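Please read this note with the sequence and the model side by side.

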Amino acid sequence: MGKMGYLLELGENWNMVGNPYNYPIPVSSLIITTNSSVPLLLTQDQTLTQGVFWVYQNGTYVSANILQPGEGGWIKVLAPQNEDPELFFPSGQGLGSVGNRAVIDTTGLERPPAPPGAVFSSGGTNNASEAGGCFISTMD
């Protein structure tokens, strides 16, 4: 990408990623790219991703503005895997030039998989996808 930072390969559909730095990262500075696109800020083109970085707070998923150190969340990739989608976290030097985050209407957008132990209401008003999910992978 030509700038200092951390590049993360993404899979199709939902990806759980976290802030790789020990300082806060504005979501507006995250860059998404594929092998057939120019690098774009995460929220600029909703054909590559859903355009939202979701975090779980107070029993529901909300759109994140800032990722604190160690904080993670979900991003939904819409680009097919053969496009080699990647998410770029610029280093501290690249963060100052990024403007304010674009406001995205999250009404009707699919929410990430439910965290382990999530309780769903029978009225269909849950905020998480019924597909389930796992935040932590354990190895034996």
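The points below go from the whole chain to single residues.

1. Basis of the note. This is a predicted model, in which local features need pLDDT of at least 70 and side-chain atom pairs count only at pLDDT 80 or more, while totals for chains, interfaces and linings use all residues. Residues are numbered from 1 along each chain as its sequence is written, and side-chain values use heavy atoms, with hydrogens and water left out.

2. Overall make-up. The protein has ten strands and zero helices, where strands (E, at least two residues) and helices (H or I, at least four) are DSSP runs numbered from the N terminus. Of its 140 residues, 39% are buried; buried means under 20% relative accessible area, exposed means over 50%, and partly exposed lies in between, with a 1.4 Å probe and protein chains only. The protein exposes about 7,800 Å², of which carbon and sulfur atoms supply 51%, the areas coming from the Shrake-Rupley method with a 1.4 Å probe and, for residues, only the protein chains shown counting as cover.

3. The open sheet. Four strands, in the order S1-S10-S4-S5, form an open sheet with antiparallel pairing; two strands pair if DSSP finds at least two bridges between them. Strand S1 (5–9) and strand S5 (40–41) stand at the edges with a single partner strand each, so one side of each has no neighbour in the sheet. Strand S4 (residues 31–33) is joined to S5 by two bridges, and Ile31 stands opposite Leu41 in S5.

4. Two nonpolar cores. A nonpolar core is a set of buried Ala, Val, Leu, Ile, Met, Phe, Trp, Tyr and Cys residues joined through side-chain atoms within 4.5 Å. The largest one has 19 residues, of which Leu30, Phe53, Leu67 and Phe89 touch the most other members. Strand S6 (49–57), S9 and strand S10 (86–90) are the elements that give two or more residues to this core. Another core, of five residues, lies apart from it and has Trp14, Val52, Tyr61 and Trp74 among its members.

5. Aromatic pairs. Rings of Phe, Tyr and Trp (its six-membered ring) pair if their centres lie within 6.5 Å, and planes under 30 degrees apart count as stacked, over 60 as edge-to-face and the rest as tilted; by this rule there are three aromatic pairs. The ring centres of Trp14 and Trp74 are 6.4 Å apart with planes at 90 degrees, so this pair is edge-to-face. Trp14 lies in strand S2 and Trp74 in strand S9 (residues 72–77), so the pair ties together parts that are 60 residues apart in sequence. Both Trp14 and Trp74 are buried. Tyr56 and Tyr61 also form an edge-to-face pair, because their ring centres are 4.9 Å apart and their planes stand at 65 degrees. Tyr56 is partly exposed, at 38% relative accessible area, whereas Tyr61 is buried, at 3%.

6. Val17. Which residues does Val17 contact, leaving aside its neighbours within four places in sequence? With contact meaning heavy atoms within 4.5 Å, they are Leu8, Leu10, Phe53, Gly72, Gly73, Ile75, Leu87 and Phe89. Val17, found in strand S2 (residues 13–18), counts as buried at 7% relative accessibility.

7. Ser29. This residue sits in the loop between strand S3 (25–26) and S4, and Ser29 counts as buried at 1% relative accessibility. The side chain of Ser29 reaches the backbone oxygen of Pro26 at 2.7 Å.

Definitions and conventions. A polar contact is a pair of N or O atoms within 3.5 Å; within protein, one must be able to donate a hydrogen and the other to accept it, and residues adjacent in sequence count only if both atoms are side-chain atoms.
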